[in-house]
Amino acid sequence: GVSPGAIMSLTFTNKAASEMRERALAILNARYTDLWISTFHSACLRILRTHADRINYPKSFAVYDAQDQIRLIKTCLKELNIPEKMYPPRQIGSLISKFKNKLKGPDDAQKELSSRHYREFLACFYLYEKKLSEARCMDFDDLLGKAVSLFRHDHQIRERYQARYEHIMVDEFQDTNLAQ
């Protein structure tokens, strides 16, 4: 008794989303074009592109993939005169991602990481975020975090999606993180 357009289904991989879509279309015996069956990141990207103006981004904002993220971290390290050998970019990226997946930014990281050992990481995290913002770009983790922020701070947008979707189905819910 629920319209397929009132259900959002989210999963982790493009392959799983594709399989879910195929199964749903088979059950519906029709080509239903308004199904929201996607990965968390794709759904958030779609929402953010639709409402980019509400978060002060252009609709065509770029999304940094893992390689872009590492390049940007390397640039930050170089500008900060921090040696990559002591602070490997992939480790810094992983730690940034851990904070973002908990919906936390550099200010939160600074409160949690008081050790002198993290001073360089924090400087890099702040500069990384500054450069992303100045470029009007997002990394993969930002897709989730900025969508959550949009819903938290823009009641009109939140209510619009709440009115549209009666059900949100999450594949493998037990494996989700806070941002998801």
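Five elements each supply at least two residues of the lining of the largest pocket: β1 (7-11), α2 (40-50), α7 (140-153), α8 (155-164) and β5 (167-170). Before going on, a word on the model: it is predicted, so local features need pLDDT of at least 70 and side-chain atom pairs count only at pLDDT 80 or more, while totals for chains, interfaces and linings use all residues. Residues are numbered from 1 along each chain as its sequence is written, and side-chain values use heavy atoms, with hydrogens and water left out.

Back to that pocket. Its volume is about 510 Å³. There are 24 lining residues, and Met8, Leu10, Phe151, Ile168 and Gln180 are the closest to the centre. A pocket, on a 1 Å grid over the protein atoms alone, is an open set of points where a 1.4 Å probe fits, with protein on both sides within 12 Å along at least five of seven lines; lining residues have an atom within 4 Å of a point. Grid points are joined across faces, edges and corners, and the volume is the space filled by probe spheres set on them. Which helix gives the largest share of this lining? That's α7, with 5 residues. By class, the lining has 18 nonpolar, 4 polar and 2 charged residues. Nonpolar covers Ala, Val, Leu, Ile, Met, Phe, Trp, Tyr, Cys and Pro, charged covers Asp, Glu, Lys and Arg, and the others, Gly among them, are polar.

Helix α7 turns up again in the second largest pocket, where it provides 8 residues, the largest share of the lining. This pocket holds about 370 Å³ of space. Of its 17 lining residues, Leu103, Asp142, Gly145, Lys146 and Ser149 lie nearest the centre. Both α6 (119-135) and α7 supply at least two residues.

Now follow β1, one of the contributors to the largest pocket. β1 runs parallel to β5, joined by 4 bridges; two strands pair if DSSP finds at least two bridges between them. In this pairing, serine 9 stands opposite methionine 169. β1 also pairs in the parallel sense with β2 (residues 36-39), again over 4 bridges, and there threonine 11 faces threonine 39.

Two asparagines are worth a look. Asparagine 56 has a positive phi of about 65° although it is not a glycine. You'll find asparagine 56 in the loop between α2 and β3 (63-64), where it is exposed at 59% relative accessible area. Asparagine 81 also has a positive phi, about 60°, without being a glycine. This one sits in the loop between α3 (66-80) and α4 (89-101), and asparagine 81 is exposed too, with a relative accessible area of 70%.

Finally, step back to the whole chain. It has 8 helices and 5 strands, and from the N terminus they run β-α-β-α-β-α-α-α-α-β-α-α-β. The C-alpha atoms fill a box of roughly 60 × 30 × 30 Å along the principal axes. Of the 180 residues, 39% count as buried.

Methods. Buried means under 20% relative accessible area, exposed over 50%, partly exposed in between (1.4 Å probe, protein chains only).
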